[in-house]
Amino acid sequence: MENMAEEELPPQEEEEAQVRVPTPAPDSALDSAPTPDSAPVPALAPAPAPALSPSLASVPEEAESKRHISIQRRLADLEKLALVTEGDVGPASSLNSENLSIEKSHTCPLCPVEKFRACSSQKLRRHLQNLHWKISVEFEGYRMCICHLACRPVKPTIVGEQVSSKLGAHYHCIICSATITRRTDMLGHVKRHVNKGETKSRYIAASTAKSSNEILKEADTDIQVGPNYSIPQKTDSYFNPKMKLNRQIIFCTLAALTEERKPLECLDAFGATGIMGLQWAKHLGNAVKVTINDLNENSVTLIQKNCHLNKLKVVVDSDEKEEGDALEEDDTLGDIQVTRMDANVLMHLRSFDFIHLDPFGTSVNYLDSAFRNVRNLGIVSVTSTDISSLYAKAQHVARRHYGCNIVRTEYYKELAARIVVAAVARAAARCNKGIEVLFAVALEHFVLVVVRVLRGPTSADETAKKIQYLIHCQWCEERIFQKDGNMVEENPYRQLPCNCHGSMPGKTAIELGPLWSSSLFNTGFLKRMLLESLHHGLDDVQPLIKTLIFESECTPQSQCSVHAPSNLNKQEENGVFIKTTDDTTVDIYSAQGKRKSGEVIINTAKKQKTDATAHPPFYYNIHRHSIKGMNMPKLKKFLCCLSQAGFRVSRTHFDPMGIRTDAPLMQFKSILLKYSTPTYTGGQSEGPVHSASEDMVADRVEMSVNDKAEASGCRRW
């Protein structure tokens, strides 16, 4: 009779019967129930909120916005839900003969009635905690508890002549409402949602499906971003808030360049949201002519919206009429040209004074086009975010992209910066241009290299000579660039200052490169950048620029002056003389970008700074070279000790515990041991160890090197 009653229901009432909570049936009724192939399996949960199943395609959208009862924030919520469901076994369940015993017992909201019945609330609490809550999956404050209800259809199994459909335990996904049987599979399922950017639950997204795009603000510039704007796999217009420091230091670079000539034609080759080009046009005004390019059509549309949001006129094409007629000319701050084409094509067609490349990953595919038409004494800035290959985590990718052999060293960040500079230098030399490195920054998320372009084959030849190979000792971390010349070295180990090859078995050194071997910083340009950061109120980037100035001069902070130069009318930057006027404008270029005769002197043979004044390459990590059984001195005190010993010394932005110095490694360790204290002295104050002579100090250093080499044999690359 029950089967006939179900077959006579109209379609609409049949769907309501699937959502309604049925009355718990006795065992005989369960055996005679229809199989999942013939009719849908009804939910057995006695909860007031029905359990949602993915197979219920006809459930209205209001029901989809409710989460499943197995997804709760606290264990107390499950207990309250169990107490509520005790009084729901009411008039519809009076047909069963076992209802009297069921009403007197406690039922679990996540288990069928025939599976669990508790006589006391304490037993129910232990059941909920041990079976459901303890093995739950946590996600954003919610717990997806294991469910034993008939929410998941199970294939029937034939036992003898009877067909039985055993109910299986499962989890309900909070994001997509899918049912997963195993906990490990549920963890992987949620992780895949997070990797795809799907971190909002379905019941939350149902109520906020029509939310507008978010508007962010950075450096007094408003930008509109789409959903999942910080996940590049889920959006066309990627915006990374962690790159704020990168955008500010590039802005200071462009602001310093505007002192030399106006107006500058600037290109942001990969605009995305257009935040960088908008900051240039909004804060530098008529000093720059900004072009923002992107190949994606959605990104171009978003850039145009952000231009109108910041009261900037959009010029789609120079021959067409300007858009943005809704804005009055008096209300606009400037104009921006927005283009939609491949970056290589655009840089081949037009000439620019300032080009910024920030693709997703490596930028080597765009270097040849960037140096093809860049103007003389212009600037090219390159941001590389492929840190896995540059930081020696994917060595085969670095060999493929940069043609460079690389291993993980203590100075791996500076090694990455020199790899990118070498790739930029080779691309410039192919176009008969040379480069002058203004600065190179390598931080956690990116490697930024900014170079000035010097036209002419002579400059290209001088640049190509600065690309050399590096010999690196894998035992003591000593390093030195190979000597110039084409002659084959009989014993390359003799170039290293250390004696690891003679005292250690096997091959101890490796050849890295090719790398940029010259200076990475330009002190004069960095000081001009610091003045621009003070002028525009960029407080976040000022500590980094100051550190770069200290590092470029290889001088402790107490001895380095970062104030404005006394003679503002003449500044020299590695052979490039720049004459400025009193009103901070530069009179060495005409409006077309041509330099006037006699005002810029570039003579790399006579005016180039000597290697003695340039900062020493690479740095040492004080923890890497610590001596066993000794307490190291403080970093500031050790810097003073090296300076008093007659060596140039400074800190470096590449490593917070790194020291850039021209002292050899043996002298570095000797001074480190001299001002270290033994660990057994306890509360002894830091100071020099006067009991050991200089010979004993050298012996201790050599012994510590040998001990570390033997202990770290497995760390050889």
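In strand β3, Met144 is the bridge partner of Ile71, where helices (H or I, at least four residues) and strands (E, at least two) are DSSP runs numbered from the N terminus. The model is predicted, so that local features need pLDDT of at least 70 and side-chain atom pairs count only at pLDDT 80 or more, while totals for chains, interfaces and linings use all residues. Residues are numbered from 1 along each chain as its sequence is written, and side-chain values use heavy atoms, with hydrogens and water left out.

The pair Ile71 and Met144 belongs to the two bridges that join β1 to strand β3 (residues 142-144), the two strands running antiparallel; two strands are said to pair if DSSP finds at least two bridges between them. These strands are part of an open sheet of three strands with the order β1-β3-β2 and antiparallel pairing. Its edge strands, each of which pairs on one side only, are β1 (71-72) and β2 (137-139). Across β2 and β3 lies helix α8 (residues 183-195), which runs at about 15° to β2; axes here are lines fitted to C-alpha atoms, for helices over the stretch in contact, and angles run from 0 to 180 degrees between N-to-C directions.

In the UniProt record, an unreviewed entry, residues 173-193 carry the annotation "domain: C2H2-type"; its positions are given in the numbering used here, feature names are shortened, and annotations may be inferred rather than shown by experiment. In the model, the span 173-193 is 52% helix and 10% strand, and its end C-alpha atoms lie 10 Å apart.

A helix pair comes next. Helix α10 (residues 244-257) packs with helix α20 (residues 523-536) at an angle of about 105°, their axes being 8 Å apart. The two helices α10 and α20 are therefore roughly perpendicular to each other, given that angles under 35 degrees count as roughly parallel, over 145 as roughly antiparallel, 65 to 115 as roughly perpendicular and the rest as oblique. On the α10 side, Ile249, Phe251, Cys252, Thr253, Ala255, Ala256 and Leu257 meet Phe525, Arg528, Met529, Glu532, Ser533 and His536 of α20, contact meaning heavy atoms within 4.5 Å. By class, this contact of α10 with α20 has eight nonpolar, three polar and two charged residues, where Ala, Val, Leu, Ile, Met, Phe, Trp, Tyr, Cys and Pro count as nonpolar, Asp, Glu, Lys and Arg as charged, and the others, Gly among them, as polar.

With neighbours within four places in sequence left aside, Gly456 is in contact with Asn432, Lys433 and Gly434.

Phe638, Cys641 and Leu642 of α22 make the contact with Phe668, Ile671 and Leu672 of α23, and the residues divide into six nonpolar, no polar and no charged. Another open sheet has three strands in the order β23-β26-β25, with antiparallel pairing, and its edge strands, each pairing on one side only, are β23 (620-621) and β25 (649-651). Three bridges pair β25 with strand β26 (residues 658-661) in the antiparallel sense, and Val649 stands opposite Thr661 in β26. Helix α22 packs on this sheet, touching β25 and β26, and its direction makes about 155° with that of β25.
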